[in-house]
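Please look over the structure below before reading on. The report covers the chain as a whole, then its pocket and cavity space.

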Amino acid sequence: MHVSLLKFVRWPLLLISVVVLAACGENATLAIEQGTGPNPQLPEPVKRPIPTVKIAPVKGWTANAKPIAVDDLQVAAFARDLDHPRWLYVLPNGDVLVAESAAPPQPDDAKTGAVLRNKVQGAMMKKAGAAVPSANRITLLRDADGDGVAEVRTQFVGGLLSPFGMALVGDRFYVANADALVSFPYKPGDTHLTAKPTFVANLPGGINHHWTKSLLASPDGSKLYVGVGSNSNVAENGMDAELNRAAILEIDPATGSSRVFASGLRNPVGTAWEPHTRSLWVVVNERDEIGSDLVPDYLTSVRDGGFYGWPYSYYGQHLDERVKPQNAALVAKAIKPDYALGPHTASLGLAFASGTLLPERFHQGAFIGQHGSWNRDPPSGYKVLFVPFSNGKPNGPAITVLDGFLDAEGNAQGRPVGVAFDNSGALLVADDVGNVIWRVTPKAR
């Protein structure tokens, strides 16, 4: 057989073999609730040559299907037929911005030193609905008549590179692309920005094992905070590939200068200011491939200069023996997170309660979009959670706000990502597989 043809035939067989083997032999021994809260159970790591793979195949929403809201809430579509909507930002005038985005093109697999891993990962992403071309745009949605449905839709900004985080500071609108922070002039009421982007600062790009770059402005607008994920699962590409990654960067928009604000955060995505203490909080997507019960994603406050373990340890100072060489000095100072969100839930979105529209039990706390697992059997995530707070800290068990993203056969009808509050106090949820923005309000009496 010709070499190129042999190679063509062999890759699908390898992929099928790996996925079949990975799907056998390892299941969660703990309920997801046991890996949730301030003191999650952390069993011994599972050592397997091939990790568990349990993927929810993409199905999408049919007819009038929608997520299932908790008993005192209801949910309806704010906008449909979007193109992989990932992140949300609400402008002061009430316009809702949606980053329609997916991973940027990757370098040649041969350059990464992990060809088989990348082939398998690509097949998994395709099955999960993540391997789609990026629309590379931000779309504006406007509900001018206040009926809870956007009737105005325009391209706010196009020609971007896998945009994600957004922030308005004064008359400048900032966008975190996969490789750079840029800005545009903005006037209230603008529905389309025509100016060319102004470069602000470089952001770590390249292989982009984690490509999203979240963005949050300080309350006074003098600093911008960018969440940058790691370039690997547990530094298997070497720490040289992790410069300014697995970290929250603090950037001065006036000069473009930056520094590492906090580190050891494998994939820090949703960031927000807790409204009572004004402290910075983040949702972190933790490491994979040591069993269905490890490691919990988490929600935590962030200290300036704090180190949170990655890659050397997890959930504080629990050593990850896969990482060589170790760094005992850093492990000794690793900070335990505030609140676990369950293993492999892919917790990404974060918004603190805003306003008084929702029932009183949702007035203080954090709403979290959980995109859903691939490395846990049975699957975890695929829901929107609420973590109640008191005096600026988590207080009590998490409440499932939206569920039903997986159907009875385990197919993904949708996958929640970004969450935000509109100006009425309703919760908006970006669903990148369903291509919908959902709007959550109190149940009509």
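## Chain overview

The model is predicted. Its chain holds 3 helices and 29 strands. Of the 445 residues, 54% count as buried. Among contacts with a separation of 6 or more, 61% join residues 24 or more positions apart.

## Second largest pocket

The second largest pocket contains about 890 Å³ of space. Its lining is made up of 31 residues, and those nearest the pocket centre are Y89, V90, L216, A272 and W273. Two or more lining residues come from each of the strands β4 (85-90), β8 (166-169), β12 (213-217), β16 (268-273), β22 (347-352) and β27 (416-421).

By class, 23 residues of this lining are nonpolar, 6 are polar and 2 are charged.

## Cavities

Searching the whole structure gives 2 cavities of 30 Å³ or more. The largest cavity has a volume of about 50 Å³. Its lining consists of E26, V46, R48, I50, P51, T52, E289, I290, G291 and N375. These divide into 4 nonpolar, 3 polar and 3 charged residues.

The second largest cavity holds about 30 Å³. Around this cavity lie A353, S354, G355, T356, L357, L358, F362, H363, F421 and G425. The lining of the second largest cavity has 5 nonpolar and 5 polar residues, with no charged ones.

Terms used. Residues numbered from 1 in each chain as written. Predicted model: local features only at pLDDT ≥ 70, side-chain atom pairs only at ≥ 80, totals over all residues. Heavy atoms only, no water. Helix = DSSP H or I, 4+ residues; strand = E, 2+ residues; numbered from the N terminus. Buried < 20%, exposed > 50% of the residue type's maximum accessible area, 1.4 Å probe, protein only. Contact = heavy atoms within 4.5 Å. 1 Å grid on protein atoms, 1.4 Å probe; cavity = no way out; pocket = protein on both sides within 12 Å on 5 of 7 lines; lining within 4 Å. Points joined across faces, edges and corners; volume = space filled by probe spheres on them. Nonpolar A, V, L, I, M, F, W, Y, C, P; charged D, E, K, R; others polar.
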